[in-house]
Amino acid sequence: MPKTSLGKWAGRLLAVFVVLIVTLILGMELAGLMPGTPLVLTLGTCMMLSGIAAFVTGVVALIRFKDRSFVVILAVVLGFFASLISIMEVVERFIWRSTH
């Protein structure tokens, strides 16, 4: 378990990220939600924001406060992938608009 309050925040934001990604996947598979609907867009946006926030708080907890618990490291790794996916989405949108 994280020792610092920032590490605990990273763990909480990671939990929110995981719950939202599971909700999004199950909602699209079981409930038949289509991509682009307002509910899916809202869940996806909140998911990415919580993932990026988990990454930032985890990195600060790792570097500044030396909190090297498993939860903080997992928050950094998964948050990094959420940040990477968000950057790829933005770049893809710019490339698509410039070519079409």
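**View 1. The largest pocket of the predicted model.** In this predicted model, the largest pocket has a volume of about 490 Å³. Its lining is made up of 18 residues, and of these Gly 44, Thr 45, Met 48, Glu 89 and Arg 93 lie nearest the centre of the pocket. At least two lining residues come from each of α1 (5-29), α2 (38-63) and α3 (70-99).

**View 2. The whole protein, as a setting for the close-ups.** The protein contains three helices and zero strands, and its elements, followed from the N terminus, run α-α-α. Taken along the principal axes, the box filled by the C-alpha atoms is roughly 45 × 35 × 15 Å. Of the 100 residues, 32% count as buried, while the protein exposes about 6,800 Å², of which carbon and sulfur atoms supply 76%. When contacts between residues at least 6 apart in sequence are considered, 68% of them join residues at least 24 apart. The side chains include 8 positive and 4 negative ones, and the centres of these two sets lie 17 Å apart.

**View 3. Leu 13 in helix α1.** Leu 13 has its place in helix α1, and with a relative accessibility of 18% it counts as buried, because buried means under 20%. Apart from its neighbours within four places in sequence, Leu 13 is in contact with Ser 50, Ala 53, Ala 54 and Thr 57. The view can also be used to follow the chain from Leu 13 to Thr 23, which is 10 residues away in sequence, with 15 Å between the two C-alpha atoms.

**View 4. Leu 39 in helix α2.** Leu 39 is found in helix α2, where its relative accessible area of 48% makes it partly exposed. Leu 24 lies 15 residues away from Leu 39 along the chain, and the C-alpha atoms of the two residues are separated by 9.1 Å.

View 5. Once residues up to four places away in sequence are set aside, Phe 55 touches Ala 75, Val 76, Gly 79, Phe 80 and Ser 83. The C-alpha atom of Phe 55 is separated by 8.4 Å from that of Ala 82, a residue 27 places away along the chain.

**View 6. Lys 66 in the loop between α2 and α3.** Lys 66 lies in the loop that runs between α2 and α3. Most residues other than glycine have a negative phi. Lys 66, although not a glycine, has a positive phi of about 55 degrees. With a relative accessible area of 54%, Lys 66 is classed as exposed, because that class takes in values over 50%.

Terms used: Residues are numbered from 1 along each chain as its sequence is written. This is a predicted model: local features need pLDDT of at least 70, side-chain atom pairs count only at pLDDT 80 or more; totals for chains, interfaces and linings use all residues. Side-chain values use heavy atoms; hydrogens and water are left out. Helices (H or I, at least four residues) and strands (E, at least two) are DSSP runs, numbered from the N terminus. Buried means under 20% relative accessible area, exposed over 50%, partly exposed in between (1.4 Å probe, protein chains only). Contact means heavy atoms within 4.5 Å. Accessible areas come from the Shrake-Rupley method with a 1.4 Å probe; for residues, only the protein chains shown count as cover. Lys and Arg count as positive and Asp and Glu as negative; His and the chain ends are not counted. The place of a charge is taken as NZ of Lys, CZ of Arg, CG of Asp or CD of Glu. On a 1 Å grid over the protein atoms alone, a cavity is a set of points where a 1.4 Å probe fits but cannot get out, and a pocket is an open set with protein on both sides within 12 Å along at least five of seven lines; lining residues have an atom within 4 Å of a point. Grid points are joined across faces, edges and corners, and a volume is the space filled by probe spheres set on the points.
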